[in-house]
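Student: I have a new structure open and would like to talk it through. Can we start with a pair of charged side chains?

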Amino acid sequence: MELKVLKDIKTTPDPYYEYSDELRLSGLPIVFDNGAWSCRVGWASCDKPNLIFKNLIAKPRKERGKKDGETQVGNDITNIEAVRFQLKTQFDKNVVTHYDIQEQIFDYVFSHLSINTEGCVNHPIVLTEPFLNPNYSRSLMSELLFECYQVPHLCYGIDSLFSYQYNGWEGQSSVIISCGYQCTHIIPVINGCIDASKAKRIDLGGFSVTHHLHKLLQLKYPAHMNTITPSRSDEILWDYGFIATDYREQLKKWLDAEFYDANVVKLQLPYSVAAPTLTTEQQKDRRKELAKKLVEMNAKKREERLVDDERHLNELLELREIVQLTPSDHSHGREAFKSMGINNIAALNKSINQLQAKIEKTRAKILAYNNGEEVVEEPKPKVAKEITVPESEAEKKSWLSELRKKRAFIVDRKNARKQRRQDLAKRRTAAAQERMRLISELARKEKRDDDFGMRDEDWDVYKVINKDAGDTDSEEEQEKLIELEEVLRQHDPEFVALNQEQELSPKEANQLHIGVERMAGPECLFQPSMLGSVQAGVSETLNFVLNSYPPHIAQSLASNIFVTGSLCQMPGFVERLNKDLLENRPFQSHFSVSLAENPELDAWSGARQFALSENFLDFAISQADYQEKGGEFFRVHPCSNKFEPYPLVISLDEPIVTNTGGGEGEDTVILM
Amino acid sequence: MSQTNQVQDDSNQTTIEDKPVPRFIFKNPDYEQRKLSRRSTSSNLPTKQWKSLKQILSYEKNIPWPEDTVHYSSVVAPPTFKPSLKYSDISRFECNYTEPQTKLHYYDVEEYRLIRRLPSDIVNGYLSLRGALNPLA
């Protein structure tokens with residue numbers, strides 16, 4: 001299979017759209033598909049969203065003394081890996097919880113649509129929200145849109161239902177499978193109405209799949225831990241990932257070398273070639289050059305020293321003259337002595353002699369150097385130990401096997417020590433427990449008939465309880481090992497062959513071989529146990545939902561299974577569902593799975609269709625509604641959640657004391 | 001009342017013009033002001049803490065809903081009823097063996113040898129990926 005290269009696509013910043021007067025006065029709805037992965041926004045008049053961006057912001061960390069950096073939003077982030085640790089999302093799972101970030105996203109969107117009306121966004125908004133969005137989150141979202149942007153109307157709907165409706169499914173009984181970024185929903189629809197009580201949500205989605213593949217690759221190639229970035233894993237997933245129709249069967253195929261070779265994806269990671277190692281000739285040249293420089297430096301230093309010494313000598317000679325001319329106890333002479341740090345005449349003479357000898361030596365050296373006599377001493381190559389290689393074939397063979405045995409012995413010892421260290425590092429291992437037993441025995445108090453130490457062997461117990469078992473990896477041993485390997489490499493062709501694979505060219509060393517991972521990554525959707533989750537997978541949950549209905553309803557549901565959400569575009573997704581349904585549904589019963597026309601954008605298109613419908617405003621909340629009925633209020637329509645107002649029992653001003661009457665008249669329950 | 005408001009608005013505009021960030025004109029200045037004042041009263045404290053989903057859900061749970069209400073937390077998928085298959089951590093093949101020390105699954109002898117040489121961070125990586133890492137063991 002040919003070598004593949006990573007594309008590493010960079011995002012391009014979104015354009016700013018024109019906001020014409022016509023548009024300003026039109027009151028045209030803005031359609032917002034606010035997904036946990038990407039956000040799609042557009043005017044209801046356009047048939048494709050104007051803006052599609054990752055629903056993220058990158059907020060630089062506040063640093064003291066530094067100005068706050070610019071916050072980047074959505075497609076402004078051209079290189080997502082550079083700001084990986086500063087990324088923030090407004091989502092907690094599939095629900096919006098951080099409204100500061102949501103506000104920044106709205107700012108980004110409205111400014112890119114070039115809205116310039118003062119203090120308000122004068123367009124109705126259609127916004128998607130998660131299935132069973134908590135009232136609390138909705139009220140905060142309404143607060144943001146009505147108070148900060150003063151939108152005239154607002155309408156909420158569920159993304160998967162918009163997609164469902166857009167694909168022309170209405171008034172039927174069916175099951176919607178919606179694969180999101182954080183969650184996968186399985187929602188039964190009975191005669192056009194969602195049956196929320198039987199719906200299920202699996203906490204797995206596009207994120208889990210990418211994460212799974214990312215970790216698999218990182219662990220397989222620990223050396224490339226940092227090169228395998230989440231966005232690259234995402235690219236690999238979408239370019240090469242697939243969902244196996246029969247995972248276990250397919251796994252067995254991968255065991256076959258031919259199948260592996262035919263299906264493995266070899267991916268070249270970017271790498272930089274290290275500077276080529278110098279040839280021996282070049283190395284010699286370089287060394288010579290260095291030596292020459294050193295010699296020159298030495299010569300210069302020598303000359304300086306010579307000048308210095310001569311000056312000193314002159315001083316000393318002068319001093320001697322002074323001493324000889326003046327009487328010994330003369331203060332002048334003594335002072336001169338003191339200033340030179342010399343005590344008496346003998347020391348003076350001695351140092352003069354020394355200095356003279358030194359100067360002469362230096363002079364001789366300089367002379368020699370100038371004549372070019374000085375030769376740089378080449379460091380002698382290390383004398384390799386004389387190895388006598390036996391002449392005859394048979395002898396050589398036995399000699400080699402002997403060497404191999406020696407090497408194996410050292411390697412084994414090393415491994416055993418390593419193993420022991422590892423064992424002792426953990427508490428539960430047999431070795432560690434044996435050690436603890438010995439220690440506690442030694443520390444036991446009752447020592448009535450204690451004859452410990454009578455025999456020399458008694459002391460060996462301390463060797464056993466020592467963590468290093470009394471012997472460690474010695475340098476000597478390491479040297480011996482290297483020496484043996486060197487000899488073997490020279491004389492044993494087998495040894496060379498065995499160890500050759502370690503040396504890979506940088507090109508090969510930076511290749512990823514993606515085999516089983518191609519299907520193991522996405523498989524976690526169907527087998528969440530791969531990620532340590534106890535939840536049932538997509539197929540099993542689907543089956544669970546179907547089985548919670550009486551057979552005839554389940555049958556009509558199974559005949560209309562609708563799949564939407566970007567993740568279901570993964571190759572093999574529908575085939576896999578078909579295969580699992582065939583296994584789980586009653587024998588020879590009918591079922592059918594259909595994919596949304598455009599799983600990624602149909603939710604937006606459906607929302608747009610809804611926004612353009614005649615009675616759209618009947619389903620929208622107006623400013624007045626918001627003021628009057630509170631934040632969590634919204635109008636129910638075929639694509640929305642069911643409105644569950646907070647029960648009226650609760651009052652936030654004062655606790656209601658209810659008497660739970662009957663037998664225990666004293667008991668009161670306080671509801672806050 | 002309205003006059004004073006206008007005056008305030010005017011002064012706001014002039015100050016905005018001084019700064020180079022007259023950005024989002026479509027935002028309600030009152031809302032912005034409110035947000036800022038909320039922040040300035042407790043400048044040392046972090047800005048408004050948003051409830052996490054977990055907090056929201058536990059808050060919703062404590063509300064006496066009518067009996068048949070369906071909530072976010074009531075549609076969690078059921079636990080699986082199928083026994084989970086064992087896959088080798090190294091090669092991903094279906095396997096039967098577990099290395100007793102690291103608790104890694106392995107497929108054959110070669111993988112076993114590899115496991116013995118794996119550094120502990122890789123071992124822990126594999127274990128935590130499938131949620132089997134128990135740091136106390």
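Student: How many residues apart are A:Glu441 and A:Arg437 in helix α13?
Tutor: Four. Both sit in helix α13 (residues 430–442) of chain A, so about one helical turn separates them. Helices here are DSSP runs of H or I with at least four residues, strands are runs of E with at least two, and both are numbered from the N terminus. This is a predicted model: local features need pLDDT of at least 70, side-chain atom pairs count only at pLDDT 80 or more, and totals for chains, interfaces and linings use all residues. Residues are numbered from 1 along each chain as its sequence is written, chains are lettered from A and ligands numbered from 1 in the order in which they are written, and side-chain values use heavy atoms, with hydrogens and water left out.

Student: What do the side chains of A:Glu441 and A:Arg437 meet in?
Tutor: A salt bridge, at 3.5 Å from N to O. The term means a side-chain nitrogen of Lys or Arg within 4 Å of a carboxyl oxygen of Asp or Glu.

Student: Which residues do salt bridges with shared partners join into one network?
Tutor: A:Glu523, A:Arg576, A:Lys579, A:Asp580 and A:Glu583.

Student: How many salt bridges over all chains?
Tutor: The count is 30. One of them links A:Lys220 and A:Glu517, at 3.3 Å from N to O.

Student: Where do A:Lys220 and A:Glu517 lie?
Tutor: A:Lys220 is in helix α5 (residues 206–220) and A:Glu517 is in helix α18 (residues 517–523), both of chain A. The pair therefore ties together parts 297 residues apart in sequence. A:Glu517 is buried at 5% relative accessibility, while A:Lys220 is partly exposed at 30%.

Student: New topic: chain B. What is its secondary structure?
Tutor: Five helices and two strands. Along the sequence, the pattern of chain B reads α-α-α-β-β-α-α.

Student: And how many of the residues of chain B count as buried?
Tutor: Of its 137 residues, 31%.

Student: What about contacts in chain B?
Tutor: A contact means heavy atoms within 4.5 Å. Among contacts in chain B with a separation of 6 or more, 17% come from residues 24 or more positions apart.

Note on methods:
Buried < 20%, exposed > 50% of the residue type's maximum accessible area, 1.4 Å probe, protein only.
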